[in-house]
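Subject: A structure to look through, with notes

Dear colleague,

I am passing on a structure that I would like you to open beside these notes. Please keep it in view while you read, and turn to each place as it is mentioned.

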Amino acid sequence: MMSSNTNDRRRWGVIEALVLCIILFFFGLLIEYFAGPPDLSFWSYPLNLIVGIAFLYVNITVYYFGKNKRWVQWLSGMPMSLTVILWILYLSLLVGLIPQSNVVNTNLTASENLLVRFGFTHIVSSWFFLLDMALFLFVLGLVILRRLTMAFSWRNMAFILNHVGLWVALAGGILGAADRMELRMLLPLNGNVVKEAAEVNSNTRLSLPFGLELKNFILEEYPPKLALINSDGKYLPLGKPDIVSVDGIGRVGLLGDWSLDVIKYLEEGVSGGTSEFRQADMRGGATALYIVATNRKKNLRYEGWVSAGNFMITPTFLPLADENRYIVMLEREPKRFASELIVHKADGSISEAIVDVNSPFSIDGYDIYQSSYDREKGRWSAYSGLMITADPVLTIVYVGLYMMLAGAILLFVFGPKKRIL
């Protein structure tokens with residue numbers, strides 16, 4: 001009789017926790033298959049704020065009225081906590097194993113189509129991931145509430161800061177995803193002020209609380225490079241071609257048995273339809289080098305212009321007639337590209353800013369990055385491509401991270417000390 005009572009009162013453990021995670025997982029799969037992925041735009045502000053407050057209210061209410069119930073103690077216990085953490089890690093592992101994409105592809109096999117329908121190609125924005133993350137946050141909330149009822153100690157405070165910070169960062173990131181914006185803008189170099197940008201995923205055009213005008217586009221390139229090719233256009237030596245970088249006039253290096261000397265260096269040259277180059281006095285010049293190639297072993301010498309050309313100028317190469325080879329200039333690689341912007345604010349004020357790839361400009365909650373340009377026209381690009389992002393809840397996520405950092409510091413300072421024998 002006592003054995004039967006003991007079994008009836010047995011605490012739920014890892015198996016029951018895993019069953020709950022799997023039930024939510026399959027329930028999410030069914031929703032994903034029949035209803036499609038969650039519509040993030042539907043969950044934008046203020047609905048995400050209402051959902052967050054309601055979730056927190058339910059979390060607190062369940063603990064307050066059920067903290068002595070076995071199922072609440074199980075949800076806030078160690079077996080449940082470890083199981084749901086490992087389950088989330090398992091789903092995160094699938095993100096790395098299965099190619100992820102939000103782009104719809106109609107050329108899919110039957111098995112690939114099933115992966116899309118069930119949400120495995122966009123796991124972090126799928127129903128089953130969101131449901132299991134909701135379980136994780138609910139369990140985490142119960143653990144925090146249980147700790148808040150314990151006697152004060154610095155170690156307990158460190159635990160609370162760590163876990164509250166994690167809850168705030170995750171809840172803010174998930175609920176705020178609907179308000180996160182990623183926009184693209186092609187800003188023409190024509191003096192016009194642009195006040196709209198297009199969403200990356202939907203291409204929907206949105207108005208901005210400011211206007212941007214492109215004052216100047218900046219392109220810095222690495223030094224030109226010379227290479228040797230054969231009549232088939234293959235670089236020599238085959239498999240590991242020689243490349244010579246040109247920093248200025250003078251002896252620049254060797255291409256095989258050919259020593260190269262640069263006699264003239266034009267950063268912006270034009271040919272006028274001939275093989276002769278001169279300094280450009282108009283838009284569209286291309287880098288041009290007048291070189292002398294000498295092969296002392298064969299007592300051969302050739303000289304002439306080489307240029308990679310551009311959208312207006314035909315590439316020019318130096319033929320080495322005796323060997324049926326050619327010296328060519330490679331297309332110059334961009335070192336830095338940036339935009340000088342004139343910013344027109346809503347209050348009528350005007351300011352200027354320079355935007356680089358890794359150095360954004362921030363205004364009214366938006367971050368503006370340099371992202372692209374017309375690569376065919378290079379430094380003569382008639383537009384600049386900008387990436388504009390806005391993440392209203394990023395501050396909340398940072399607050400959570402700082403709380404976790406504070407908790408880690410407290411744990412380091414007031415954690416258990418090792419005894420020295």
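Where is the place of Asp364? Asp364 sits in the loop between S16 and S17, where the names of strands (E, at least two residues) and of helices (H or I, at least four residues) refer to DSSP runs numbered from the N terminus.

Before going further, please note that this is a predicted model, in which local features need pLDDT of at least 70 and side-chain atom pairs count only at pLDDT 80 or more, while totals for chains, interfaces and linings use all residues. Residues are numbered from 1 along each chain as its sequence is written, and side-chain values use heavy atoms, with hydrogens and water left out.

**The whole protein**

The protein has 9 helices and 18 strands. Its radius of gyration is 32 Å, well over the 22 Å that the globule rule gives for 421 residues, so the protein is more spread out than a compact globule; the radius is taken over C-alpha atoms, and the rule is 2.2 Å times the number of residues to the power 0.38. Along the principal axes, the C-alpha atoms fill a box of roughly 110 × 60 × 60 Å.

Of the 421 residues, 38% are buried, where buried means under 20% relative accessible area, exposed means over 50%, and partly exposed lies in between (1.4 Å probe, protein chains only). The accessible surface comes to about 24900 Å², and 61% of that surface belongs to carbon and sulfur atoms; such areas come from the Shrake-Rupley method with a 1.4 Å probe, and for residues only the protein chains shown count as cover. Among the contacts with a separation of 6 or more, 59% are between residues 24 or more positions apart, a contact being heavy atoms within 4.5 Å.

**Strands that pair**

Two strands are said to pair if DSSP finds at least two bridges between them. Strand S16 (residues 361–363) and strand S17 (residues 366–373) pair in the antiparallel sense over 3 bridges, and within this pairing Phe361 stands opposite Ile368 in S17. The two strands form a hairpin with 2 residues between them, and Asp364 in the turn has a positive phi of about 50°. On to the next partner: S17 also pairs with strand S18 (residues 383–390), in the antiparallel sense and over 7 bridges, and the bridge partner of Asp367 in S18 is Thr389.

Strand S2 (residues 194–199) and strand S3 (residues 205–221) run antiparallel and are joined by 4 bridges, with Glu196 opposite Ser207 in S3. S2 and S3 form a hairpin with 5 residues between them, and Asn203 in its turn has a positive phi of about 65°. S3 is joined in turn to strand S14 (residues 334–345) by 11 bridges, again in an antiparallel arrangement, and in S14 the bridge partner of Glu213 is Ile342.

**Backbone points to check**

Most residues other than glycine have a negative phi, and most peptide bonds are trans. With that in mind, please look again at Asp364, which has a positive phi of about 50° although it is not a glycine. Asn299 is not a glycine either, and has a positive phi of about 55°; Asn299 is placed in the loop between strand S10 (286–295) and S11, and counts as exposed because its relative accessibility is 71%.

A cis peptide bond joins Tyr45 and Pro46, with omega about 10°, and Pro46 lies in the loop between helix H2 (14–35) and H3. Another cis peptide bond joins Leu236 and Pro237, with omega about -10°, and Pro237 lies in the loop between strand S5 (235–236) and strand S6 (243–245).

**Two residues and their surroundings**

Is Asn59 buried or exposed? Asn59, which lies in helix H3 (residues 47–66), counts as buried because its relative accessibility is 1%. Leaving aside neighbours within four places in sequence, Asn59 is in contact with Leu137, Phe138, Gly141, Leu142, Leu145 and Trp167.

Pro315 is found in the loop between strand S11 (300–307) and strand S12 (318–320). With neighbours within four places in sequence again left aside, Pro315 is in contact with Ser307, Ala308 and Gly309. The C-alpha atoms of Pro315 and Trp305, which are 10 residues apart along the chain, are separated by 10.0 Å.
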